[in-house]
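Student: Could we go through this structure together? I would like to begin with the strands and then turn to the helices.

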Amino acid sequence: MLKFRHFINCWKTVRVLPILKLGKDPTHPVSYRPISVLPTLSKLGEKLILNRYLTHVTKLRLPMPQQFGFTPQLSTAHQLLSFVEHINEGKNSNLATAAIFLDIAKAFDRVWMEGLVHKLIAYKFPQYIIEIIQSYLTNRHFTVLVKNSDSTPRKLQAGVPQGGITLK
């Protein structure tokens with residue numbers, strides 16, 4: 001996979017399991033939470049890519065210190081602690097502290113893939129990493145499990161894969 005800079009196509013089809021939300025009308029599609037299940041080999045491929053990516057990110061001293069998501073040994077709990085600490089520092093120094101919170105609905109479903117690849121190029125990632133990530137992000141499909149049967153595969157037009165590996 002890394003040698004040919006190609007993420008194998010059969011690993012790029014996600015199976016979506018719709019789970020009914022509590023108290024919701026089962027006749028409305030928005031009443032279901034989509035759970036994405038990727039092939040196991042896809043997750044192994046992701047892990048290989050992630051290791052190469054993190055090696056380069058570490059050399060560049062990315063991501064910025066304020067980013068806690070998708071960063072090894074950091075989590076949203078760490079971000080919350082940092083935020084509370086910042087508020088306390090302001091309070092102890094008699095400073096006013098303000099915060100603005102944004103919740104972008106379906107943010108991962110709307111990621112502009114070409115823009116993401118452009119950022120990798122701008123940060124001077126090695127060409128093989130750019131090509132494998134580009135291969136990973138393109139030509140992706142999904143099926144939906146309905147009544148113990150998979151739907152016809154459909155192509156994903158935007159966004160990044162859900163249901164993949166997470167950093168520990």
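Student: How many residues lie between β3 and β4 in their hairpin?
Tutor: This is a predicted model. In it, the β3 and β4 hairpin has 2 residues between the strands. K147 is in the turn and has a positive phi of about 50°.

Student: And which way do β3 and β4 run, parallel or antiparallel?
Tutor: They run antiparallel, joined by 2 bridges; β3 covers residues 141-146 and β4 residues 149-150. V146 has S149 in β4 as its bridge partner.

Student: Which strand pairs with β3 in the parallel sense?
Tutor: That is β1, residues 13-20, which pairs with β3 over 4 bridges. V14 stands opposite F142 in β3.

Student: What stands opposite F142 in β5?
Tutor: R154 does. Strand β5 comprises residues 154-155, runs antiparallel to β3 and is joined to β3 by 2 bridges.

Student: Now the helices. At what angle do α3 and α4 cross?
Tutor: The axes of α3, residues 113-122, and α4, residues 127-137, cross at roughly 170° and come within 10 Å. Angles over 145 degrees count as roughly antiparallel, so that description applies to α3 and α4.

Student: Which residues meet there?
Tutor: From α3, M113, L116, V117, L120 and I121 take part; they meet I130, I133, Q134 and L137 in α4. The residues of this contact divide into 8 nonpolar, 1 polar and no charged.

Definitions and conventions:
Residues numbered from 1 in each chain as written. Predicted model: local features only at pLDDT ≥ 70, side-chain atom pairs only at ≥ 80, totals over all residues. Heavy atoms only, no water. Axes fitted to C-alpha atoms, helices over the stretch in contact; angles between N-to-C directions. Parallel < 35°, antiparallel > 145°, perpendicular 65-115°, else oblique. Contact = heavy atoms within 4.5 Å. Nonpolar A, V, L, I, M, F, W, Y, C, P; charged D, E, K, R; others polar. Pairing = 2+ DSSP bridges.
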